[in-house]
Each structure stands twice: as C-alpha cells, then as structure tokens.
Amino acid sequence: MSETKLYDVAVIGSGPAGMTAALYAARAGLSVALFERMMPGGQMAETEKIENYPGFPEGVSGYDLALSMSQQAARFGVEEVAEEVERIDLSAEPRVIATPYRTVEAKAVIVATGARPRKMDLPNNAELEGHGISYCATCDGNFFRGKKVVVIGGGDTAAADAIYLSRVCEEVTIIYRRSQLRATRVYHDVLEGLANVRFEWDSVVEEAYAYDGKLSGVRIRNVQTGEQKELSCAGMFVAIGTVPNTEFLAGALPLDEGGYIVAGEGCATSVPGVFAAGDVRAKSLRQVATAVADGANAAEAAAEYVAEHR
C-alpha cells in the first residue's frame with residue numbers, strides 16, 4: 001500500500017482565489033497541492049471580458065486571465081490535481097483530503113471552492129437546462145444567434161450577459177424584480193444605448209413554456225401591479241446570484257445563513273490551520289480583485305501556521 005502524500009498546504013478550488021493562494025504559498029517555499037474538479041478559473045473563466053481587474057486598460061478575457069494564473073502557479077511548483085474533493089477531515093492532524101482516486105494529507109488547508117449560479121424555482125427548470133435555460137451567456141449565447149432571449153437578474157453578471165447577447169441575438173429582454181438595475185453604473189449607460197435590449201421592470205418569471213422539449217417562452221408577473229404577460233423566447237439566461245460550494249465540508253466549518261464559510265479578513269476560520277478565500281467566504285463584495293486579495297492573505301496566514309507547527 002502506497003504511503004499517503006503529505007503537503008504543507010492543500011488548496012481546494014482553482015478560481016482566482018485558489019490559484020493566487022497556491023502561487024503565494026509555493027513562492028514561500030511550501031509544497032502545495034491545488035485541487036480542481038473542472039478547468040482552472042471557476043466562474044472567471046466563463047466571463048467574456050473583465051474590465052474592472054487592474055492592469056488591463058482594454059479589459060481581459062476571463063479565460064485568458066485564468067490560463068495565465070494557472071501557468072504562473074505551475075511555474076513555481078504548484079502540483080495541480082484535476083480531481084474533485086469528496087471528503088475532508090479537518091479534525092485529523094495533519095488534515096485529510098480525499099478524492100475518488102486518492103487521499104492526501106496537508107498541514108494547512110485553504111478552501112477556495114467558490115460559488116455556482118443560483119437556479120430558478122420553476123417546476124420544469126431541470127428538464128429545460130441545456131434546452132433553453134442557461135447560466136453562461138458566453139458559453140451558450142451562440143446557440144441563440146438571431147433569436148429572442150431573456151436575461152433574468154439585475155446585477156453586473158446579468159448586465160454583462162445582456163450586452164454580450166445583444167451582439168448575437170435578435171432581441172434581449174432583461175427581466176428584473178426591481179425598478180432599476182443594481183449593476184455598476186457603467187453597464188446602465190451601455191445598455192441604454194443598445195437598440196435591441198428592452199426591460200421588464202418589477203417583474204419575475206412565473207412559468208417557463210416548452211415546445212418539443214425546448215424553451216419557447218415565459219410568463220412574467222409584475223410584482224407591483226400583479227399584471228401578467230407572456231413573452232416568446234428561445235433562451236433564458238439566469239443571473240440571480242450564487243450558491244456557495246460547501247456541501248463537501250459536511251459541517252466541518254461554521255457557515256453563515258447563506259451557506260458561506262465564516263472567516264475574517266485574514267481568511268482564518270475557527271479551525272486552526274484552515275482558511276477560506278474567495279467567493280466561498282462570507283463577505284460583502286465578490287469580485288476577481290477581492291478573490292485574489294483573499295488568496296494572498298490566506299496563503300500568508302497558512303505559511304505562518306505551517307512555520308509555527310513544523
């Protein structure tokens with residue numbers, strides 16, 4: 001039976017927080033395992049263009065930024081493990097991290113598993129996912145070229161999705177439960193200048209219609225007046241918030257009411273040697289810049305912890 005490999009730091013999740021944490025920890029001379037079940041970058045890699053990350057005057061592709069971060073971490077010796085973490089034992093010393101294919105140990109752990117898009121509460125939501133309902137405009141937008149689509153939500157993601165879709169779709173309707181977007185002001189100005197983008201304010205989707213197994217339209221309700229109407233559409237792009245990826249923890253760390261890991265600005269959790277970074281951490285702002293900052297803080301704290309417990 002092979003010996004379980006021991007790392008100084010295990011980073012779970014390779015979004016911008018996880019890759020930054022791995023980079024900083026490796027540059028501190030620590031052995032680092034970086035676990036990621038899918039491609040590096042997380043939600044960042046699915047973003048067509050990031051315009052608010054410093055250092056890129058013309059913006060940068062989320063995929064390109066993720067690739068650069070991954071290559072940079074690898075250059076400093078980070079060992080990437082393309083496997084999903086199924087179980088973690090934070091009571092053990094050292095900590096135990098298990099995937100379907102291996103079990104490793106680590107002196108310190110940084111949880112940076114991010115969050116996933118929140119889904120609509122519709123009876124036929126699951127059956128229409130991939131058949132008209134999508135959570136990634138840059139991934140699926142071209143399937144609806146020349147067609148009518150709706151975007152659900154009013155934050156930065158919804159606004160960016162609508163702008164992207166306006167380039168390929170005949171008409172884009174933003175459906176939002178409030179009377180104005182909460183997206184950053186720059187998005188308002190762009191959207192107002194797009195002739196094929198329209199708005200349904202104070203409205204929510206009550207029902208999604210299907211024809212021949214594909215989305216064909218939605219019924220919406222105005223929350224102020226109660227008025228209902230039907231809109232024909234081939235695609236629905238949902239951007240109504242996120243859900244943290246914390247199920248695998250199985251109660252190992254304290255979570256807030258939204259399911260996010262409770263950790264301070266220094267990213268330390270209540271379990272010594274265990275840190276949380278990025279979108280999975282309870283905080284007020286979730287952006288690439290704040291994820292990167294979390295990753296740096298978590299790695300520095302983890303390095304100090306490992307040094308104190310040699």
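Strands β13 (residues 214–222) and β14 are paired in the antiparallel sense, over five bridges. Two strands count as paired if DSSP finds at least two bridges between them. The model is predicted: local features need pLDDT of at least 70, side-chain atom pairs count only at pLDDT 80 or more, and totals for chains, interfaces and linings use all residues. Residues are numbered from 1 along each chain as its sequence is written, and side-chain values use heavy atoms, with hydrogens and water left out. Helices (H or I, at least four residues) and strands (E, at least two) are DSSP runs, numbered from the N terminus.

**The sheet**

Strands of a sheet pair through backbone hydrogen bonds, either parallel or antiparallel. Here three strands form an open sheet in the order β12-β13-β14, and the pairing is antiparallel. At the edges are β12 (203–211) and β14 (228–232), each of which pairs on one side only. From one strand to the next, the twist averages 25 degrees.

Two residue pairs can be found in the structure. Ile220 has Lys229 in β14 as its bridge partner, and Gly217 stands opposite Ser232 in β14. The hairpin of β13 and β14 has five residues between the strands, and in this hairpin Gly226 takes a positive phi near 80 degrees.

**The helix pairs**

Two packed helices are described by the angle between their axes and the distance between the axes. Axes are lines fitted to C-alpha atoms, for helices over the stretch in contact, and angles run from 0 to 180 degrees between N-to-C directions.

| Helix pair | Angle between axes | Distance between axes |
|---|---|---|
| α1 (residues 16–27) and α2 (residues 62–75) | about 20 degrees | 9 Å |
| α1 and α7 (residues 288–308) | about 35 degrees | 7 Å |
| α5 (residues 156–166) and α6 (residues 185–192) | about 30 degrees | 10 Å |

Helices α1 and α2 are therefore roughly parallel to each other; angles under 35 degrees count as roughly parallel, over 145 as roughly antiparallel, 65 to 115 as roughly perpendicular and the rest as oblique. The crossing of α1 and α2 is left-handed, a term used if the near helix is turned anticlockwise from the far one by less than a right angle, with right-handed used if clockwise. In contact (heavy atoms within 4.5 Å) are Pro16, Met19 and Leu23 of α1 with Ala66, Met69, Ser70, Gln72 and Ala73 of α2. By class, the residues of this contact are six nonpolar, two polar and no charged. Ala, Val, Leu, Ile, Met, Phe, Trp, Tyr, Cys and Pro count as nonpolar, Asp, Glu, Lys and Arg as charged, and the others, Gly among them, as polar.

Helix α1 also passes α7, in a right-handed crossing. The residues that make this contact include Pro16, Ala17 and Thr20 of α1 and Val288, Gly295 and Glu300 of α7. The contact of α1 with α7 has 10 nonpolar, two polar and one charged residues.

For α5 and α6, the crossing is left-handed. Asp156, Ala159, Ala160, Ala162 and Ile163 of α5 meet Tyr187, Val190 and Leu191 of α6. These residues divide into seven nonpolar, no polar and one charged.

**Salt bridges**

How many salt bridges does the structure hold? There are 18, each being a side-chain nitrogen of Lys or Arg within 4 Å of a carboxyl oxygen of Asp or Glu. One joins the side chains of Arg185 and Asp189 (3.4 Å, N to O). Arg185 and Asp189 are separated by about one helical turn, because they are four residues apart in helix α6.
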